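Hi,

Here is the structure I promised to pass on. Have a look at it first, and then read on for what turned up.

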Amino acid sequence: MLSRVLRQPKEYLIAHPELELSWEQVQVFSACVDRLLKGEPLAYITGEREFWDLTFLCSPSALIPRPESELLVEKALALTEGKRVETLIDLGTGTGAIGITLASIWRDTYVVLTDISLEALLLARRNCIKILGSSRCVSFICCNWLEGFRPGVKADIITANPPYVSKNDTYLLQENVRRYEPERALFATDKLGLSEIRKIFRQAPQHLKRGGVILCEIGIGQCQKVIHFIKGLQIYRHIQVFKDLSGIDRVIAARL
Ligand SMILES: C[S@@+](CC[C@H](N)C(=O)[O-])C[C@H]1O[C@@H](n2cnc3c(N)ncnc32)[C@H](O)[C@@H]1O
């Protein structure tokens, strides 16, 4: 926080222990500490968060990118290794963390970022310009999952980190998450927290190329139910599950 207040990198603070703050700087810093003590997430106070090796602008209009979502990026890269990815659709992009990170690696890929929240999409656009530059070809669509796409539009990869917390499980969330992060980014509409995951897997086959892959982040205890649902659709050929660093089933990938 101090490094943000002084507009200096953290290393500068360590290298200059003798540094004295001006009265204005003390005031700004104290105001930030007050916000932190009231429970506001650090990323909303500093206005940024690291994800992968990039720094994303953050605001209360979008979920703060989580380290476990880096697994989705890692597996998207692994599952497409050696193949050309022409089109990526990132659903519910929020800050753009997943889609923009992949776009920064796949330099020739046409990337479409979507969200139902226009505020989130505007933040993703700012991140896109900051990280990828204004000449990179990225499209932004404000829509309900894949409903904003015409029937013929097909991607090689669809990524999604949908809201998957049940409203009955709000107690599972830390208070600062519940109070500060957007509801629409956190909660599914059914008791199991699966409503949005199911919609996405149901809609995706119409917008994936043959051999294309959808990768979706899921919550604790949802894996078997999601697999059962996907198998019931009888359209995906190959399903894989990946665990996060805590050993929790975190990402499901399904190939058409
Ligand atoms: C869990 S957040 C993920 C944000 C970002 N992808 C990340 O991993 O940090 C879910 C996102 O989905 C969006 N969302 C919720 N319902 C949606 C819907 N029906 N259609 C499209 N996006 C939706 C929310 O606005 C939110 O940005």
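Three elements each put at least two residues into the shell around the ligand: helix α6 (97-105), strand β4 (110-115) and helix α9 (183-186). Keep in mind that this is a predicted model. In total, 24 residues surround the ligand, and the closest are Gly92, Gly94, Ile116, Asn161 and Ala185. If you sort that shell by class, you get 12 nonpolar, 9 polar and 3 charged residues.

How many of the residues of α6 are buried? The count is 7 of 9, so α6 is largely enclosed by the rest of the structure. The buried ones are Ala97, Ile98, Gly99, Ile100, Thr101, Leu102 and Ala103.

Now for the packing around α6. Two packed helices are described by the angle between their axes and the distance between the axes. Helix α5 (residues 70-79) packs with α6 at an angle of about 40°, and their axes are 10 Å apart. Roughly parallel would need an angle under 35 degrees, and α5 and α6 are therefore oblique to each other. The crossing of α5 past α6 is right-handed.

Helix α7 (residues 118-132) also packs with α6, here at about 25° and with the axes 10 Å apart. That angle makes α6 roughly parallel to α7. Here too, α6 passes α7 in a right-handed crossing.

Helix α10 (residues 195-203) and helix α11 (residues 223-233) pack with axes 10 Å apart and an angle of about 25°. α10 and α11 are therefore roughly parallel to each other, and α10 passes α11 in a right-handed crossing.

Next, helix α3 (residues 23-37). Is α3 enclosed, or does it lie largely in the open? Of its 15 residues, the number buried is 0, so α3 lies largely in the open. The length of α3 checks out as well: at 1.5 Å a residue, its 15 residues should span 21 Å, and the end C-alpha atoms are 21 Å apart, which agrees.

After α3 comes Gly39, which has a positive phi, near 105°. Gly39 sits in the loop between α3 and α4 (42-46). There are 13 other C-beta atoms within 10 Å of Gly39, so this residue is partly exposed; exposed would take 12 or fewer.

Most residues other than glycine have a negative phi. Trp145 has a positive one, near 40°, and Gln234 has a positive phi of about 55° although it is not a glycine. Trp145 is in the loop between β5 (138-142) and β6 (155-160), while Gln234 is in the loop between α11 and β8 (238-243). Gln234 has 6 C-beta neighbours inside 10 Å, so Gln234 counts as exposed.

- Phe51 lies in strand β1 (residues 48-51). With 23 other C-beta atoms within 10 Å, Phe51 is buried. Phe51 and Leu173 are 122 residues apart in sequence, and in space their C-alpha atoms are 21 Å apart.
- Cys137 is in the loop between α7 and β5. Cys137 has 10 C-beta neighbours inside 10 Å and so counts as exposed. From Cys137 to Met1 the gap is 136 residues in sequence and 34 Å in space, C-alpha to C-alpha.

That's the tour. Over to you!

Cheers

Note on methods:
Residues are numbered from 1 along each chain as its sequence is written. This is a predicted model: local features need pLDDT of at least 70, side-chain atom pairs count only at pLDDT 80 or more; totals for chains, interfaces and linings use all residues. A residue is near a molecule or strand if its C-beta atom, placed from the backbone, lies within 6 Å of it. Helices (H or I, at least four residues) and strands (E, at least two) are DSSP runs, numbered from the N terminus. Ala, Val, Leu, Ile, Met, Phe, Trp, Tyr, Cys and Pro count as nonpolar, Asp, Glu, Lys and Arg as charged, and the others, Gly among them, as polar. The expected span of a helix is 1.5 Å times one less than its number of residues. A residue is buried if 20 or more other C-beta atoms lie within 10 Å of its own, exposed if 12 or fewer, and partly exposed in between; C-beta atoms are placed from the backbone. Axes are lines fitted to C-alpha atoms, for helices over the stretch in contact, and angles run from 0 to 180 degrees between N-to-C directions. Angles under 35 degrees count as roughly parallel, over 145 as roughly antiparallel, 65 to 115 as roughly perpendicular and the rest as oblique. A crossing is left-handed if the near helix is turned anticlockwise from the far one by less than a right angle, and right-handed if clockwise.
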